[in-house]
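Subject: Structure handover

Hello,

Here is the structure you asked about. Please open it alongside this note and follow along.

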Amino acid sequence: MNKKFLKKIIAHSSEDLKLISACCSEGRVKTGNIKYLPKNKIFLLFIDRLIKEEENNKDRVSSIIKFEYIYSSKSKNINQKNMDLTIELLAIDIFKKDHNYEIILLFSNNGFITLNAEIIDVVLEDQKNTYD
């Protein structure tokens, strides 16, 4: 019996975040599915990604990347007015700046989002296999 399981990856370090970055590279994101909730200090990214955890698997899964303890968010080269624009996530990178972290989301067409965080607290959670 070949069961498909939904995954949840929790990152609390830069090494953990590299795993989430590897799983989500080449993932598709609609600009309308990027949400920043400043009062809650949460940044959400809804992504349609390839299942890279399994070798030779070309299936896709809908996932959410949840960044917590985010106190600011800035974007560049991303048309936020076009809610149906689909961009490709290339990588997630992180830098330590003073006592805080800068998490950089790199997208296709030279777009990026910079998140300023107090600590690293990121969760990648699969929601639904797109072949279901």
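Two strands count as paired if DSSP finds at least two bridges between them. Helices (H or I, at least four residues) and strands (E, at least two) are DSSP runs, numbered from the N terminus.

First, the ground rules. This is a predicted model, where local features need pLDDT of at least 70, side-chain atom pairs count only at pLDDT 80 or more, and totals for chains, interfaces and linings use all residues. Residues are numbered from 1 along each chain as its sequence is written, and side-chain values use heavy atoms, with hydrogens and water left out.

Strand pairing

Start with S9. Six bridges join S6 to S9, and the two run antiparallel. Within that pair, Lys-76 has Phe-112 of S9 as its bridge partner. S8 also runs antiparallel to S9, again over six bridges. There, Ile-103 is bridged to Leu-115 in S9. S8 and S9 form a hairpin with four residues between the strands, and Asn-109 takes a positive phi near 60° in that hairpin. S9 is mostly covered, with five of its six residues buried. Buried means under 20% relative accessible area, exposed means over 50%, and partly exposed is in between (1.4 Å probe, protein chains only).

Now move to S7. Strand S7 (residues 86–97) is joined to strand S8 (residues 100–107) by eight bridges, in the antiparallel sense. Asp-93 is bridged to Ile-104 in S8. S7 and S8 make a hairpin with two residues between them. Asp-98 sits in that turn, with a positive phi of about 55°. S7 also pairs with strand S2 (residues 27–30), antiparallel, over four bridges. In that pair, Val-29 stands opposite Ile-87 of S7.

The nonpolar core

A nonpolar core is a set of buried Ala, Val, Leu, Ile, Met, Phe, Trp, Tyr and Cys residues joined through side-chain atoms within 4.5 Å. The largest one here has 28 residues. Which members touch the most others? They are Ile-65, Phe-67 and Leu-105. The elements that give two or more residues to this core include helix H1 (14–24), strand S5 (60–68) and strand S10 (122–129).

Ile-65 is worth a look. Contact means heavy atoms within 4.5 Å. Not counting residues up to four places away in sequence, Ile-65 touches Cys-24, Phe-43, Leu-44, Leu-45, Ile-47, Leu-89, Ile-92, Val-122, Val-123 and Leu-124.

The largest pocket

On a 1 Å grid over the protein atoms alone, a pocket is an open set of points with protein on both sides within 12 Å along at least five of seven lines. Lining residues have an atom within 4 Å of a point. The largest pocket has a volume of about 200 Å³, where volume is the space filled by probe spheres set on the points, and grid points are joined across faces, edges and corners. Strand S3 (34–37) and strand S6 (70–76) are the elements that give two or more residues to its lining. S3 has the largest share, three residues. Residues in the lining include Lys-35, Tyr-36, Phe-43, Ser-73 and Met-83. By class, the lining has six nonpolar, five polar and one charged residues. Ala, Val, Leu, Ile, Met, Phe, Trp, Tyr, Cys and Pro count as nonpolar, Asp, Glu, Lys and Arg as charged, and the others, Gly among them, as polar.

Single residues to check

- Ser-21 lies in helix H1. Is Ser-21 buried or exposed? Ser-21 is buried, at 11% relative accessible area. Leaving aside neighbours within four places in sequence, Ser-21 is in contact with Ala-91 and Ile-92.
- Asn-33 lies in the loop between S2 and S3. Asn-33 is partly exposed, at 33%. Asn-33 and Leu-45 are 12 residues apart in sequence and 6.3 Å apart in space, C-alpha to C-alpha. With the neighbours within four places left out, Asn-33 is in contact with Leu-44, Leu-45 and Phe-46.
- Lys-41 is in the loop between S3 and S4. Lys-41 is not a glycine, yet has a positive phi of about 60°. Its relative accessible area is 33%, so Lys-41 is partly exposed.
- Tyr-69 lies in the loop between S5 and S6. Phi of Tyr-69 is positive, near 65°. Tyr-69 counts as partly exposed, at 36% relative accessibility.

Best wishes

Methods. On a 1 Å grid over the protein atoms alone, a cavity is a set of points where a 1.4 Å probe fits but cannot get out, and a pocket is an open set with protein on both sides within 12 Å along at least five of seven lines; lining residues have an atom within 4 Å of a point.
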